[in-house]
Each structure stands twice: as C-alpha cells, then as structure tokens.
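Please read them with the sequence and the model side by side.

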Amino acid sequence: MQLEDLTFNDSEWLRGSGPESDIVISSRIRLARNLADFPFISRATDQDRIEIERALKGAVLGLSDAKELIYVDVAQLPGLDRQFLVERQLISREHAESRGARSVAIDCGEKFSVMINEEDHLRMQVMQSGLDLRSAWERINAIDNHVEQKVTYAYHDRLGYLTACPTNVGTGMRVSVMLHLPALVITRQIEKVFRSLQKISLAVRGLYGEGSQAMGDFYQISNQITLGRSEEELIKQVGDIVPVIIEYERQARNFLIKESQENLHDRVSRAYGILRNAQTISSEETMHLLSSVRMGVNLGLISDLQIPLVNSLFIHTQPAHLQKIRGVELSSADRNIERARYLRRHLSPDENAENHSGNN
Amino acid sequence: MKCQHCDKPATFHITELTSGKPQELHLCEDHAREYLTQSNAEPASATSMASVLAHQMAQQMAVGQTAEELAQLDQTACPVCGITFYDFRSQGRLGCPYDYIAFQSQLEPLILNVHGELEHVGKTPSRSGKGTEERTQLIRLRREMAEAVRAEEYERAKELRDKIRNIEAGGS
C-alpha cells in the first residue's frame, strides 16, 4: 500500500462511528519516547538523525502487522504531500515543516501513526473513532512494548520517560478527545467550559493542535500533566470529563431547539443551501457551514445526509486534499472554485445522479 | 521599596530576561500576579507550548534572584551534550536525556510547577533502568571522539572508539 491510496480512504477518526459519535469525533493517545544513546532532536546532528531514523525504522517495521504499514520518508516528500498528511492528522505541522532525516509509519487503516524525529525521537499515536480511550490505550501500549524490545529508551527511575520538553516527561502520554461543540459556541458557553477545564489542568486545542484556530467548532481536550499520574489515571481524568461536556453540548442543543427552533433550522438550512450552491468558497467558510450542517443532521433537521459523508467533506475540502483529489496543484482562487464544485457534487442530489457518489 | 504601579510595598522583584537586556521590575503581589499572567497569555495564542514554558520559567526563576545569579545559573553546561541552561531557557527544548540530571536543581521547580509532582508513576520499560545511563554516556563519548578526530588526536579517538564499541556491544 502507498501514500496515494490514502487519498480516498476515510480516516479512522472520521468514520463517524463508535460511542457518542454525534459529538465525539475521535479518541487519540500519543506516547513520546527517546533513545537513551542519542541527543534530543534540537542537538542531534544530521548523522545522529539518520542513525536514530535507522534504529527506529527497524523497530517500527518489526511490528507484527508491519506488512500493512506505509513507511514514508517525510524529508523527501513534496510539500503538498506533507500538507496532506497534516490534514489527515497523521503527522504534526512541526514534523511537516522541520528539516533533516525524519519519517512516519502509518497503518493502512490509519488507526495509528508513528513519527520518527519529531520533537522527540519517537511520537506514536493511536486514533479511534468515537469515545474509546480504552482500546486506544491497549493498542498503543502494545506498540510501545514491541518497540521497546528493540531499542533502549531514555528513562529515569524517578522522572520516568525523558522527553525533549519537560512538559511531557513521566508517562510521555497525551490523551486527547476531539469534540464537535457547535451549540456551546452558538450559546456562548464555550469559554466558560474552557476555563473550568483549565482549572483541572486539561488543555483545549483546535482541530490541528497547538495554536490552531477552533475550525468547524472542533475542540481537542487533553491532559496537561504527564508526570506523577499513571497512564490509567490520565485516561480516567480525560475520560471522566468528556461525558460531562457531551451533556453540556446536548443541553445547549436542546435549548436551541426549544427556544429558537426556527432560528436554528434556518441557520442549518442556509448553511446547507450555501454548500450545495456556492460557486467559489474558502476553506474557513466551508468548515464553518459544515459544522452547522453536521449538527443539523444529528438533530434530524436534515434528513438526506449521513454523518460519515459530512465528516469526510471536512477533510476532503482542505487545500492539500482538494489538490490531491484533483491531481494538480491549484492556486488559492482555483481551490475555492474546485472546493465549491466538490461540495456541489457530493451534496446536491441532481449532480449526485450524474456523477459517482464518491466515498460516502 | 514601593510597587512601581501603586503605593503598596513591592514584594516581588522580577528580572525580565526574555527581551534582550535584563529589566528589573518591583511589584506588589497583585501587580506581580497581573504582570505574570498577562505576559503568559500573550505568546500562548500563537506559539508553541515550549516557548510559553520557557517564558514562564524565565519569569519564575527571575523572582527573587539577581541578574548576576541568573547569569551564573544560565552558564551551567551539560557535560554530555554541551548545551547551557540558557540554551534550554531560550528554546524550551533540552539537548539530551542527561540534562535532567545536569540541570536538576533548575528543572525541578519548573517540573513541579507544570506537573505538581516530581515522581513518575505508571509504566516502566520492561528492560528497565540497567544500562540506560551508560548508554546516555555514548552521546558524550561520540561527541568527544568527533572532537578528537577533528583535532587529529588519533590515539585518543581510538581509545574512545573502543569504549563506545564496548558499551554498544552491551559490555561495561
């Protein structure tokens, strides 16, 4: 399997299945690890990076289901393909934009990816659709055990797994759950939710992690603390708070329906109307409108659409995806036209009839 | 001494090092809190966690220390990878695993501030502990060997190479 084959794949995290998948998009756990006998990345020479990559590539390709792995040399990858992997959340922006030997191994179901030479030597992550941290932990723990058979991790008896940034030391674990919270945004309660999360040391980030805007009302909630609590405790901390936020979002949706059903229905229908008819549309506007449509489908205000299609449109309308699907590089203006065309083709019944229905 | 912003006594003496030249601030508790939280919030929006952290730390460390003491702490260097504490403070990234030992006294307050704990609980590698620190010494040995080669001290380079091979082979 090759990178190209991913283009029309539906990422695991966009499958729209699993527990609470109307609000919870995905569950994700990542572990940061470093080799004991090399400097951290900021001090690694070109030669160090090559050797780290070689050692970890061997360990990662030894994974039991390695034949289903796609191993990508990120340093040699064209910019468009790197951006494509960022949009699919298979690599970080930092990994896409840095220099020197670096790579990523991706399983073909896109349930896990392993970045080599990112901020740490090894960044492994497992993704599950819906709220399912338990499976994610079991999977990543098994991968970690396997890799550890082949290499010696930097580990300190008292501080645990040593990482390039002290914010990750200890377990090296980040547990995050991505939520779709449009009603909390509309009712202006989202800030309040964030403030209370921060008080209990949970971090809130946008769709693409640190510093990214909360595009399409997607928010990632994750643990800030990595030291002094076990992996199970960290999972529990995040896992316990998610149902509370889900409940807030449901209440906000009910409130919107009760207090202003017409307004809500109007908002959703207008969003749907624009997406089905626009001739040129930006990525930001698309995300914004798809968010309303997604909520509309979940609330039964739109009946002729399925969540997996809406989820996949969020990603297929991103800049690199549009260009990969189209097979050519496009200017920003041309992308907006292509994006509108793509949306019309997948959302409007008439055009659907003429064309292949795509990947819903 | 009075607070720079009001008439209350200044109990916080902050030396701000993040913007080039050291800048001394004398603030009461309220204004210190306001100052610290305000400047923390700024970089948070656009930049990475690491730089926020470095910034936070610079301020945290600066409380109650003179610029001179700070400069001295900053010059502590890791014997394994060679970075100074200042390098870490300005980048927010450590240079090698041994930094956690070399900069222990400077890092502990920071780690405590971030995590509220200093001891790891949870998973340990199954081949735990043994040889980990020794392997970390490989970083230093390789660096020294490269330097020896550069200085054309081949005798020394050969000794270092043998040591490295020995550790790599799992001996001691």
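**Notes on the two chains**

1. At 34% relative accessibility, Glu94(A) is classed as partly exposed. This is a predicted model. The side chain of Glu94(A) forms a salt bridge with that of Arg93(B), at 3.4 Å from N to O. The pair joins two chains, because Glu94(A) sits in helix α3 of chain A, while Arg93(B) sits in the loop between α4 (85–91) and α5 (99–102) of chain B. Arg93(B) has a relative accessible area of 17% and is buried, since the cut-off for buried is under 20%.

2. The pair is part of a wider group. Glu94(A), Glu118(A), Glu119(A), Asp120(A), Arg123(A) and Arg93(B) are connected in a network of salt bridges. One link is between the side chains of Glu118(A) and Arg123(A), at 3.5 Å from N to O. Glu118(A) and Arg123(A) are both buried.

3. How many salt bridges does the rule find across the interface of chain A and chain B? The number is 6. One salt bridge between the chains is made by the side chains of Glu108(B) and Arg158(A), at 2.9 Å from N to O. Over all chains, the count comes to 26 salt bridges.

4. The interface can also be described by residues and area. Chain A gives 50 residues to the contact and chain B gives 44 residues. Between them, chain A and chain B bury about 3,800 Å². Of this area, 56% is on carbon and sulfur atoms.

5. The side chains of Glu110(A) and Arg88(A) meet at 2.9 Å from N to O. Which parts of the chain does this pair link? Glu110(A) is in the loop between β3 and β4 (112–116) of chain A, and Arg88(A) is in the loop between α2 and α3 of chain A. These are distant parts of the chain, with the two residues 22 apart. Are Glu110(A) and Arg88(A) buried or exposed? Both are buried.

6. Helix α2 of chain A covers residues 79–87, and its buried residues are Asp81(A), Phe84(A), Leu85(A), Val86(A) and Glu87(A). What do the buried residues of α2(A) pack against? Their partners in chain A are α3 (93–97), β3 (103–107), α9 (307–316) and α10 (319–326). Just after α2(A), the residue Gln89(A) has a positive phi of about 65°.

7. Next come two helix pairs in chain A. In general, two packed helices are described by the angle between their axes and the distance between the axes. For α9(A) and helix α11 (residues 332–347) of chain A, the angle is about 170° and the axes are 11 Å apart. The helices α9(A) and α11(A) are therefore roughly antiparallel. Leu309(A), Leu313(A) and His316(A) of α9(A) touch Tyr342(A), Leu343(A), His346(A) and Leu347(A) of α11(A). By class, this contact has 5 nonpolar, 2 polar and no charged residues.

8. The second pair is α10(A) and α11(A), which pack at about 75° with their axes 10 Å apart. That angle makes α10(A) roughly perpendicular to α11(A). On the α10(A) side are Pro319(A), Leu322(A), Gln323(A), Ile325(A) and Arg326(A), which meet Arg335(A), Glu338(A), Arg339(A), Arg341(A) and Tyr342(A) in α11(A). The residues of this contact divide into 4 nonpolar, 1 polar and 5 charged.

9. Thr171(A) lies in the loop between β7 (160–161) and β8 (173–180) of chain A. Its relative accessibility is 0%, so Thr171(A) counts as buried. Leaving aside neighbours within four places in sequence, Thr171(A) has contacts that include Leu31(A), Arg33(A), Tyr161(A), Thr226(A) and Arg229(A). Also in contact with Thr171(A) are His120(B) and Val121(B).

10. Finally, chain B on its own. It has 8 helices and 2 strands. Starting at the N terminus of chain B, the elements run β-β-α-α-α-α-α-α-α-α. Of the 172 residues in chain B, 38% are buried. Among contacts in chain B between residues at least 6 apart in sequence, 39% join residues at least 24 apart.

How values were computed:
Residues numbered from 1 in each chain as written. Chains lettered and ligands numbered in written order. Predicted model: local features only at pLDDT ≥ 70, side-chain atom pairs only at ≥ 80, totals over all residues. Heavy atoms only, no water. Buried < 20%, exposed > 50% of the residue type's maximum accessible area, 1.4 Å probe, protein only. Helix = DSSP H or I, 4+ residues; strand = E, 2+ residues; numbered from the N terminus. Contact = heavy atoms within 4.5 Å. Axes fitted to C-alpha atoms, helices over the stretch in contact; angles between N-to-C directions. Parallel < 35°, antiparallel > 145°, perpendicular 65-115°, else oblique. Nonpolar A, V, L, I, M, F, W, Y, C, P; charged D, E, K, R; others polar. Buried area = accessible area lost by both parts, 1.4 Å probe. Salt bridge = Lys/Arg side-chain N within 4 Å of Asp/Glu carboxyl O.
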